[in-house]
Amino acid sequence: MTIVSELFDDAKFIFKFRTEKMKSQTALDKQAPKVSDLAPDFTLFDISGTESVTLSDFRGKKPVALVFGSYT
């Protein structure tokens with residue numbers, strides 16, 4: 001097998017893989033909230049699991065910023 005044919009085969013594989021992934025992504029994009037949509041309501045618990053906070057409790061009162069990640 002020549003290098004050119006290997007590169008061509010790789011390119012075909014990558015194109016097919018990306019095409020399949022884009023179909024999945026397009027389906028997910030249709031489910032995503034649009035700009036200006038209200039955020040879906042949810043409830044989170046504190047680290048001990050005893051107190052809960054619900055997003056809709058803050059609606060119309062003050063801005064809410066959600067930060068997911070870790071600080072080390």
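**View 1. The largest pocket of the predicted model.** In this predicted model, about 180 Å³ of space lies in the largest pocket. The residues that line this pocket are F42, L44, V53, T54, L55, F58, V64, A65, L66, V67 and F68. Sorted by class, the lining of the largest pocket comprises 10 nonpolar residues and 1 polar residue, with no charged residues.

**View 2. V53, one of the residues lining the largest pocket.** V53 belongs to strand β2, which covers residues 52–54. The relative accessible area of V53 is 44%, and V53 therefore counts as partly exposed, a class that lies between the limits of 20% and 50%. Between V53 and F15 there are 38 residues of separation in sequence, and the distance in space from C-alpha to C-alpha is 45 Å.

**View 3. The nonpolar surface patch made by F13, I14 and F17.** F17 is placed in helix α1, a helix that runs over residues 3–31.

**View 4. The salt bridge between K12 and D9.** In this view the side chains of K12 and D9 meet in a salt bridge, for which the N to O distance is 3.9 Å. Because a salt bridge calls for a side-chain nitrogen of Lys or Arg within 4 Å of a carboxyl oxygen of Asp or Glu, the pair K12 and D9, at 3.9 Å, is counted as one. By this rule the count for the model comes to 1 salt bridge. Both K12 and D9 lie in helix α1, where they are 3 residues apart, or about one turn of the helix. K12 is partly exposed, with a relative accessible area of 47%, and D9 is also classed as partly exposed, at 32% relative accessibility.

**View 5. V35 in the loop between α1 and β1.** V35 has its place in the loop that lies between helix α1 and strand β1, the strand of residues 43–45. The relative accessible area of V35 is 82%, and because exposed means over 50%, V35 is classed as exposed. V35 and R18 are 17 residues apart in sequence, while in space they are 26 Å apart, taken from C-alpha to C-alpha.

Notes:
Residues numbered from 1 in each chain as written. Predicted model: local features only at pLDDT ≥ 70, side-chain atom pairs only at ≥ 80, totals over all residues. Heavy atoms only, no water. 1 Å grid on protein atoms, 1.4 Å probe; cavity = no way out; pocket = protein on both sides within 12 Å on 5 of 7 lines; lining within 4 Å. Points joined across faces, edges and corners; volume = space filled by probe spheres on them. Nonpolar A, V, L, I, M, F, W, Y, C, P; charged D, E, K, R; others polar. Patch = residues over 30% accessible without salt bridge, like charges linked within 9 Å, V, L, I, M, F, W, Y side chains within 5 Å. Areas by Shrake-Rupley, 256 points an atom, 1.4 Å probe, with all protein chains shown as cover. Helix = DSSP H or I, 4+ residues; strand = E, 2+ residues; numbered from the N terminus. Buried < 20%, exposed > 50% of the residue type's maximum accessible area, 1.4 Å probe, protein only.
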